[in-house]
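Please work through the exercises below with the sequence and the 3D structure at hand. Each task is followed by a solution in steps.

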Amino acid sequence: MKETVKRLLKYTKKYNAFIAGAFFSSVISVSLMLYGPILVGEAIDNILDNGIVDHSGMIPILIRLIFTIAGTAVFQWLMAFCTNKVAYKTVQDLRVDVYAKINRLPLKYIDGHAHGDIISRIVNDVDQVSEGLLQGLTQLFTGIVTIIGTLLFMLSINGFITLVVVVITPLSLFVASFIAKRSHKMFVKQQATQGELSGYIEELMGNQKIVKTFGYEEKAVEGFREINNRLYVCGQKAQFYSSLTNPSTRFVNGIVYAAVAVIGSIYALSVNQTLFTVGEITCFLTYANQYTKPFNEITAVVTQVQAAFAAANRLFEILDEKEVVDDGKVEIPGIVKENGDKQTFSLSIKNVYFSYIPGVPLIENMNVEVAPGERVAIVGPTGCGKTTIINLLMRFYEVDKGSICVGGINIKDMPVDSLRSMFGMVLQDTWLFNGTVKENIAYGRPDASEEEIIEAAKAAHADYFISRLPHGYNTVISEDGGNISQGQKQLLCIARVMLADPPMLILDEATSNIDTRTEIYVQKAFDEMMRGRTTFIVAHRLSTIKEADIILVMKDGKIIEQGRHEELLKRGGFYAELYNSQFAGS
């Protein structure tokens, strides 16, 4: 918890001016608030007897009391303004840092964590931190100043009774500390379970068609109830333990108030009424109540503060994750030739080993040499490592051993952004965002003109269906392209790559969701785009890779055959078996 507080304070350093303003405002507002009971005490002492009041002395006191109350309100507002600025500016910076961190994390982290849990951390946990920070700052400033101020005022009235208050009050701190230690663990568990629940909801909401198709609704509800029940149990325990704090401290503070009333009355009656008047007893009781009030208020917000610490820990877990190492400084020269054509490059994979899970090897001692401009097809059964090669080429994952070189330069020596800008990818899993058709096509080239966007769409054979949309290229696509077909989404993704016009291509089942007639046209467009470019094609339909310069046949993470289509068929090996199995009925 101490480490969490330190790290949060680092985020507040930028807003020290607002913190100073909040502290200054709290000092003034509390001072004025504490001055009020003195005025009330003086006013009471101006009541001389039954029906006898010193009005000439009372009126100036009441005027000062009005200004005191007004001044207290103004400076309380200023303190609230400053603490709000600190709290919300701090969490704004924290949320930006967490989101930016996620973009720098390797895909291994994203793939290994529930997306809903990550979203919950960025949204819910940050909100929890802001609430706890706001409450904590407010109570910290007003609490410290109130405690110090009331002690000074009480000492100025009567030192003996002040000592009684100071001796009894620490009991409330002991009670609060005892309960807080036991409730913190429950808040940590509550935040983690809340993230788990968000992940479960996000997973099922994004796949409702599958849920309904397989009649999984009841089981889905059962799974939700199980997580929700665990959230209820840990949340209820956290709230129960933390809720004990406030009444416990109020009980102790009630004892303080009663002790002051009894001892003060005895003192006034038995010692000397002129030394300790009825007005001063009233004033002292007010101060005793205000002195114990910060302890009550702090324990009242202990729930938000502890939940904030638990949420902050989950955010700092992300910030502490190891990022993709991007210390490469070698840029590949000449991506664009002097005549304006795209430069293409050779690619070399030497002695590469890789595994997703340590101790469970997938790719072992892979060696591939690709000349500039060659088309490389990667085929093999599901799970053999085809897509893994693409992940390694793009540095979505890092090789365990060996090297991958583009244009003779190790990709680890190149900046990640520079490496990825050399490749254009069309994947089997399409992705579109909530925006216009035009914006989705121009995702890789935001500065592209409308004419270039339309030309790319025509090349991808997407223009014919875009022109029939309600607003053409300005039609807004819903989240993940929910208002267009899967094939149309695929065409837009192809148009996106054609517009980017990269020097190298990666096509991972790029035409899997397109009808046969459209595929013929798109394949012609691909042929034109692939001309002179080094291209990697991952395919299950072997009819689409007959013209590849090299076909890499993979099985169990190893390349067991490589060559051209005709060569591999003549060998009668694993590739021939795959090919013949697809066309056995032809």
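The model is predicted, so local features need pLDDT of at least 70 and side-chain atom pairs count only at pLDDT 80 or more, while totals for chains, interfaces and linings use all residues. Residues are numbered from 1 along each chain as its sequence is written, and side-chain values use heavy atoms, with hydrogens and water left out.

**Exercise 1. Characterise the protein chain as a whole.**

Step 1. The protein chain holds 20 helices and 14 strands; these are DSSP runs numbered from the N terminus (helices H or I, at least four residues; strands E, at least two).

Step 2. Of its 586 residues, 45% count as buried, where buried means under 20% relative accessible area, exposed over 50%, and partly exposed in between (1.4 Å probe, protein chains only).

Step 3. Among contacts (heavy atoms within 4.5 Å) between residues at least 6 apart in sequence, 77% join residues at least 24 apart.

**Exercise 2. Determine the span of helix 17 and its burial.**

Step 1. Helix 17 covers residues 486–500, which is 15 residues.

Step 2. From first to last C-alpha it reaches 22 Å, close to the 21 Å expected at 1.5 Å a residue; the expected span is 1.5 Å times one less than the number of residues.

Step 3. Twelve of the 15 residues are buried, so helix 17 is largely enclosed by the rest of the structure. Among them are G487, K489, R496 and L499.

Step 4. Just after helix 17, D501 has a positive phi of about 50 degrees.

**Exercise 3. Describe the nonpolar cores.**

Step 1. A nonpolar core is a set of buried Ala, Val, Leu, Ile, Met, Phe, Trp, Tyr and Cys residues joined through side-chain atoms within 4.5 Å.

Step 2. The largest core has 47 residues, and those touching the most other members include I441, I466 and L492. Helix 17 gives the most to this core, with eight residues.

Step 3. Not counting residues up to four places away in sequence, I466 touches V437, I441, A457, G472, Y473 and L492.

Step 4. A second, separate core of 37 residues includes V370, F396, V399 and V538.

**Exercise 4. Classify S130 and L152 as buried or exposed.**

Step 1. S130 lies in helix 5, and L152 is also placed in helix 5 (residues 115–157).

Step 2. S130 counts as buried because its relative accessibility is 7%. Leaving aside neighbours within four places in sequence, S130 contacts A87, Y88 and V91.

Step 3. L152 is exposed, because its relative accessible area is 55%.
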